[in-house]
Number of protein chains: 2
Amino acid sequence: MQFVLQRHLSLTLALAAWLALINPALAADPLPSWNAGPNKQAILEFVKKTTDRSSPDYVDPADRIATFDNDGTLWVEHPMYTQLAFALDRVRALAPQHPDWKTTQPFKAVLDGDMKTLAASGEKGLLELVMASHAGMSTEDFETIVKEWFATARHPRFKRPYTELTYKPMVELLEYLRANDFKTFIVSGGGIEFMRPMTEAVYGIPPEQVIGSSIKTQFEIRDGKPVLMRLPEINFIDDKTGKPVGINMYIGRRPVAAFGNSNGDLQMLEWTAAGDGARLMMLVFHDDDKREYAYGPADGLPNSPFGTFSQATMDQARKSGWNVISMENDWGRIFDFDQ
Amino acid sequence: MQFVLQRHLSLTLALAAWLALINPALAADPLPSWNAGPNKQAILEFVKKTTDRSSPDYVDPADRIATFDNDGTLWVEHPMYTQLAFALDRVRALAPQHPDWKTTQPFKAVLDGDMKTLAASGEKGLLELVMASHAGMSTEDFETIVKEWFATARHPRFKRPYTELTYKPMVELLEYLRANDFKTFIVSGGGIEFMRPMTEAVYGIPPEQVIGSSIKTQFEIRDGKPVLMRLPEINFIDDKTGKPVGINMYIGRRPVAAFGNSNGDLQMLEWTAAGDGARLMMLVFHDDDKREYAYGPADGLPNSPFGTFSQATMDQARKSGWNVISMENDWGRIFDFDQ
């Protein structure tokens with residue numbers, strides 16, 4: 001009897017889903033945090049035409065690949081990249097074991113809270129910090145360290161865990177695409193093993209669909225147990241021209257949709273746009289310093305070393321017909337905790 | 001009315017599936033090309049206990065990762081790796097554009113059909129052949145070259161396309177695992193961009209689930225169009241200790257089942273075995289020279305430079321309780337075209 005009731009229920013649900021399918025007006029808005037406008041419309045139309053078998057723009061489910069930058073596209077990247085905040089915290093935590101750091105740059109700058117000297121140490125200095133904080137342990141130990149940090153660290157402005165600082169409209173977009181048989185990937189300049197411990201819970205993206213920068217690892221037997229040790233040596237930088245390279249290396253096919261927010265995403269969007277058939281290229285533009293941050297230097301907003309969006313990138317986006325998302329105008333809600 | 005009939009039909013099918021589920025004897029054999037025996041039994045039991053929610057060995061679907069070597073595990077690797085046959089054919093095809101190859105080794109050996117001199121050129125010689133035949137074109141052009149080769153090349157003994165020389169029992173195993181929500185990956189020493197053009201059609205494995213060795217690529221704009229050019233430089237060797245490294249880099253979690261056939265798979269099986277919970281490690285042993293090939297040097301079979309399976313690997317497999325598949329005894333049928 002219960003079997004019959006369950007059947008009846010699932011028939012009713014199937015009928016409701018079917019009605020929603022043939023009459024979209026009956027379906028709930030899949031992107032409730034997006035304000036009505038050309039960008040929301042572009043997403044809805046792209047999904048409609050690529051999933052409708054009778055459309056000339058129909059895309060086979062196997063080819064529905066959508067790639068997303070992470071920092072500044074899916075979550076906050078100011079006042080600094082989350083991973084940099086992690087690296088600085090790690091350097092502070094490890095300092096007692098490294099007395100020489102008190103007198104050696106760039107470590108001294110971190111311990112003194114001297115961000116000006118730290119910035120002056122440039123890429124070389126940042127690389128030293130990353131190697132000191134990200135290498136020298138097994139992959140398992142690093143995962144534990146990252147998870148513990150995510151559980152305790154708080155963003156300086158929002159006073160919340162970084163994992164709560166994801167953009168609600170983008171999470172809705174990820175879910176909407178997956179509900180339409182798109183496979184969603186992260187393609188980020190951030191560290192692949194820094195992101196993987198949180199992407200499944202936060203974005204619904206499993207580790208094997210996360211592409212990022214990496215350091216080399218080495219297989220060793222320690223105490224009779226195989227481990228992968230993290231070496232202080234760059235393996236791959238997944239930024240700028242590295243993004244199409246990473247997409248090809250990890251996914252092996254070209255995305256039909258790509259989402260970014262900075263100069264580092266330009267080549268990923270170019271690579272996506274160059275394929276045949278329907279395409280969707282979007283850039284998130286941070287123009288809302290009330291609810292989040294505003295930076296460019298495109299359109300006269302202040303320059304930023306984190307997520308730089310140059311005027312040249314803005315010009316290219318407009319010339320190429322890529323959609324530029326205004327956080328202020330397009331997003332009714334930015335964070336899940338917003339009212 | 002048709003709707004009602006279809007519903008009735010699908011209810012009947014659902015009922016049949018449900019009956020099959022509660023009474024496995026009613027279900028069709030998912031591995032018909034496998035002979036009854038401890039290896040077939042090990043597979044069936046592993047899948048049963050990892051997918052049964054009431055079992056202490058239950059594995060969450062997200063963690064059902066199974067990795068497969070390709071050459072010698074999923075398809076034929078004798079008398080030489082398929083990719084080497086491709087490289088030699090490419091050198092012959094490109095020779096008219098390289099008159100110097102007539103007098104330069106290892107190219108001269110290829111053009112003369114002098115396999116002894118070719119073998120004597122060792123790894124360095126092979127690498128030169130690979131670079132000459134696999135680099136210098138865009139990823140798209142290389143894909144076209146590979147597809148055309150697969151369409152025309154024939155195996156010297158079986159006189160069939162290489163894509164027909166897959167092992168039927170292993171294809172059934174891939175399908176059986178996927179039907180039980182396992183995600184199947186290839187983890188091969190072979191070239192990633194050599195395999196991807198055929199893995200979906202032949203194994204049902206999409207390009208993003210193929211891990212292999214690779215050369216570097218570089219993003220360039222050519223004639224206003226972005227391309228990825230293949231450079232004559234090694235990026236990653238996915239063999240031996242490289243296999244766990246590749247698994248971590250691409251998948252980001254540890255497999256619960258791994259399948260190989262040679263010394264090159266040892267570390268992948270060790271890495272898989274070292275995880276907590278139920279595990280399945282299997283090695284295909286080539287001991288059937290009537291229907292395929294027989295080589296070791298384990299168990300006194302002749303040594304082979306392609307897919308070497310040493311006595312030490314056999315000893316480790318037996319000591320560790322890994323399953324060693326005898327092609328002669330465990331497989332009722334090897335190829336799809338076998339009677």
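These are my notebook entries on the two chains of a predicted model.

**Ground rules.** I worked on a predicted model, where local features need pLDDT of at least 70, side-chain atom pairs count only at pLDDT 80 or more, and totals for chains, interfaces and linings use all residues. Residues are numbered from 1 along each chain as its sequence is written, chains are lettered from A and ligands numbered from 1 in the order in which they are written, and side-chain values use heavy atoms, with hydrogens and water left out.

**Entry 1: the two copies.** I looked up how chain A relates to chain B. The same surface serves both copies, as 100% of the contact residues of chain A recur in chain B.

**Entry 2: the sheet of chain A.** I took helices (H or I, at least four residues) and strands (E, at least two) as DSSP runs, numbered from the N terminus. Two strands pair if DSSP finds at least two bridges between them. Seven strands of chain A form an open sheet in the order 4-3-2-1-5-6-7, with mixed pairing. Strand 4 (225-236) and strand 7 of chain A are the edge strands, each pairing on one side only. Neighbouring strands are turned by 30 degrees against each other on average, direction ignored. For such angles, axes are lines fitted to C-alpha atoms, for helices over the stretch in contact, and angles run from 0 to 180 degrees between N-to-C directions.

I went on to single pairs. Strand 1 (residues 65-68) and strand 5 (residues 257-260) of chain A pair in the parallel sense over three bridges. There A:Ala66 stands opposite A:Ala257. Helix 2 (residues 38-51) of chain A packs on the sheet and touches strand 5, strand 6 and strand 7 of chain A. Its direction makes about 130 degrees with that of strand 7 of chain A.

Strand 6 (residues 280-285) and strand 7 (residues 323-326) of chain A run parallel, joined by four bridges. A:Leu283 stands opposite A:Val324.

**Entry 3: the sheet of chain B.** Strand 3 (residues 210-222) and strand 4 of chain B pair in the antiparallel sense over eight bridges. B:Phe219 stands opposite B:Leu228. Helix 9 (residues 192-203) of chain B lies across strand 2 (183-191), strand 3 and strand 4 of chain B. Helix 9 of chain B runs at about 115 degrees to strand 3 of chain B.

**Entry 4: a helix pair in chain B.** At what angle do helix 3 (residues 82-94) and helix 6 (residues 122-134) of chain B pack? I read about 65 degrees, with the axes 9 Å apart. From helix 3 of chain B, the contact includes B:Phe86, B:Arg90 and B:Leu94. The contact residues divide into nine nonpolar, three polar and one charged. I counted Ala, Val, Leu, Ile, Met, Phe, Trp, Tyr, Cys and Pro as nonpolar, Asp, Glu, Lys and Arg as charged, and the others, Gly among them, as polar.

Conventions: Contact means heavy atoms within 4.5 Å.
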